[in-house]
Amino acid sequence: MATLLFSACGGDGSTEKRSSLSEENSTRTPRENKVEQCFIQMDEIALEDCESKYTTDSKIDVCLDEYEDEILDTCMLEESQDTLLNNDDNTDIISDDEWWSWIKEQEENNAIDEEENRDDKDESTATNTITEAKAEPYFKYAWHLDASNSILNSKGYKINEHADINVTGAWGITMGAGVKVAVIDDGADVNHEDLKSNILIAYNADTGGENIQTKESHGNTCAGFIVAPINGKGIVGVSPESKMIAIKLEDSSDAYTIRAFEYAKKHGAKVISCSWGSNNVSDAVVSELKSLYNAGVTVLFASGNEGVSLDAQGTNDESEVEWVIGVGASGENNDVTRYSNYGKNIDIIAPGGDTQEAIGVLGLDDMGESGYPDETGLINNNYLFANGTSFSTPITAGVVAMMYAVNPNITPKQVKEILTATATKVGKEKNASYDEQGFDKKRAYGKINAGRAVVEAERIKI
Amino acid sequence: MKKQIIISFLGLTLLINAGEFYYSNGNKVELSKVEVSQTIGSRMLNSRTKYYKTATGKSIGVRDDILVECVANKDCKEVLSKYEITEISQLTDSIYIIKISSDKNVFEFAQKLYGDNNIKIAHPNLRKIRNRR
């Protein structure tokens, strides 16, 4: 089935309405119109899918019946994002206009910091691997990994040379070998040239099967940010020697969500990356997240892209749960992005990019024709520039995977403490105001620093 | 006349039981009916899922199943055995999913379970949208 249960109804009015509904429209509320529009769009998706699979009317009808629950859930549950936006208590947007003016000073400060914290254990084999990673064809565009060597500035995009996560500081020690990372999302392209060799398990939590193939897959992009291998193609993940447990989850119920987490744990995942949220997490799911925490599994959730505070009354998001790491987004300017949701329970920010202000972060797209056409002229259609806390989260998950690689006994509590304690305090030259605990309202504990985090994780090893 | 009939017809909304609630983190989550157009309402008549809104505007769907976790060191199957449950299945070491017969109100049943001192969590198996981020 098509990807319906992840929020899919844009409500953009792009689809023509059915004539039989037109009389009713004038009496409906805007919300009802939006829901109706969603039904029309989903009906068309379902019909297109069923007609592509079957030729007889009776089989098409059965196929459409099977879609019905999914369509109802998708459209009837769709409005949660609007609710979050309406609950916003503080939407002031960070201006990026003056960022060039403080780059020089930032560069100097960060250069000193990173030099002091870089590990000196680079051995020849590690150096060779780093060299190979940097030789990946599109590494030069992967500013989230190495901004100082990005050539995007020469292409007209403003990239702060410290906007990356200092991954090379970690790669001198590990590239994540021996660690299993799960991504729970809408599926993945298991045949993608830059992913397949690192997919250990593909599991469909909805069906119990192995088919997780999805078009326009969000999960595919997320997985690539973690484990895209060093293979002479495209990009490289943050933790390219880790292995992926790719879990497809579209059913909207708490029970299936819990099943997906259980599967990941039982199959050895030490890190679980979730680039989604409901703004309304259930007690049973929280209980499962606590259980994973106690079992030594670190779970990460994206904070969301509305640029709002999650501390607003009524917002109870997965990313705020005590037992997970809540991740917001930093941008090409080495500061928090305008769209990144924030709040007292969000822990960290990591590159998510901003396609409107700059170019976004470079990740995997679908292979071949179903990939989005590249508008930058820099990459082929198997890759894309995108933005969102969705991508900040797997980038952080990759760092966590490397922490487990150097210290398999590290606990989720230690992971969170290290990530936040070693973070780079970005935005000081703007309106950042880190308190005594090192916390800033919009930037949490700062931007992840892979090198520092991995060094510290190894240092505390018993 | 035709116009009046149409307006009356369109004014009909699907009224789902008001005043339902479940417990989350020790607090009551009050739910209200979901009003939908006649077209959608008629389509939902055969749906297994009923849709509600919370006081903060979140949409949820429920069916006839409930998630339950008992307090530590309690045999949850034994605790649940005194209730009229049609099906029970263990999701995790501590979380169970139970089904109740369709003639029972899933909220009332969950509330009753929640009131049991041996039960820590009891709420309908909530259906909600996971927004990609």
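At what angle do helix 8 (residues 218–227) of chain A and helix 11 of chain A pack, and how far apart are their axes? The tour returns to that pair after a look at the whole model.

**Before selecting anything.** This is a predicted model, in which local features need pLDDT of at least 70 and side-chain atom pairs count only at pLDDT 80 or more, while totals for chains, interfaces and linings use all residues. Residues are numbered from 1 along each chain as its sequence is written, and chains are lettered from A and ligands numbered from 1 in the order in which they are written.

**Chain A as a whole.** Chain A contains 13 helices and ten strands, where helices (H or I, at least four residues) and strands (E, at least two) are DSSP runs numbered from the N terminus. Of its 462 residues, 55% are buried, a residue being buried if 20 or more other C-beta atoms lie within 10 Å of its own, exposed if 12 or fewer, and partly exposed in between, with C-beta atoms placed from the backbone.

**The helix pair.** Select helix 8 and helix 11 of chain A, which pack at an angle of about 35° with their axes 8 Å apart; axes are lines fitted to C-alpha atoms, for helices over the stretch in contact, and angles run from 0 to 180 degrees between N-to-C directions. Helix 8 of chain A brings A:H218, A:T221, A:C222, A:F225 and A:I226 to this contact, and helix 11 of chain A brings residues including A:F391, A:P394 and A:I395. By class, the contact has eight nonpolar, four polar and no charged residues, with Ala, Val, Leu, Ile, Met, Phe, Trp, Tyr, Cys and Pro counted as nonpolar, Asp, Glu, Lys and Arg as charged, and the others, Gly among them, as polar.

**Strand 1 of chain A.** Next select residues 180–185 of chain A. Six of the six residues of this strand 1 are buried, so the strand is largely enclosed by the rest of the structure. A:K180, A:A182 and A:I184 point one way, and A:V181, A:V183 and A:D185 the other way. Strand 1 of chain A runs parallel to strand 3 of chain A, joined by six bridges, and two strands pair if DSSP finds at least two bridges between them. Here A:V181 has A:M244 as its bridge partner. Strand 1 of chain A also pairs with strand 4 of chain A, in the parallel sense over three bridges, and there A:V183 is partnered by A:S273.

**Helix 9 of chain A.** Move to residues 254–266 of chain A, where the buried residues include A:D254, A:I258, A:R259 and A:F261. The buried residues of helix 9 of chain A pack against strands 1, 3 and 4 and helix 10 of chain A, together with strand 5 (65–70) and strand 7 (95–99) of chain B. Just after this helix, A:G268 takes a positive phi of about 95°.

**Across to chain B.** Show both chains: 50 residues of chain A are in contact with 39 residues of chain B, two residues being in contact if their C-beta atoms, placed from the backbone, lie within 7 Å. The side of chain A that touches chain B has twelve nonpolar, 24 polar and 14 charged residues. Strand 5 of chain A and strand 9 (residues 131–132) of chain B run antiparallel, joined by two bridges, and A:G277 stands opposite B:N131.

**Last stop, chain B.** Four strands of chain B form an open sheet in the order 1-2-3-4, with antiparallel pairing. Strand 1 (21–24) and strand 4 (59–62) of chain B each have a single partner strand, so one side of each is left without a neighbour in the sheet.
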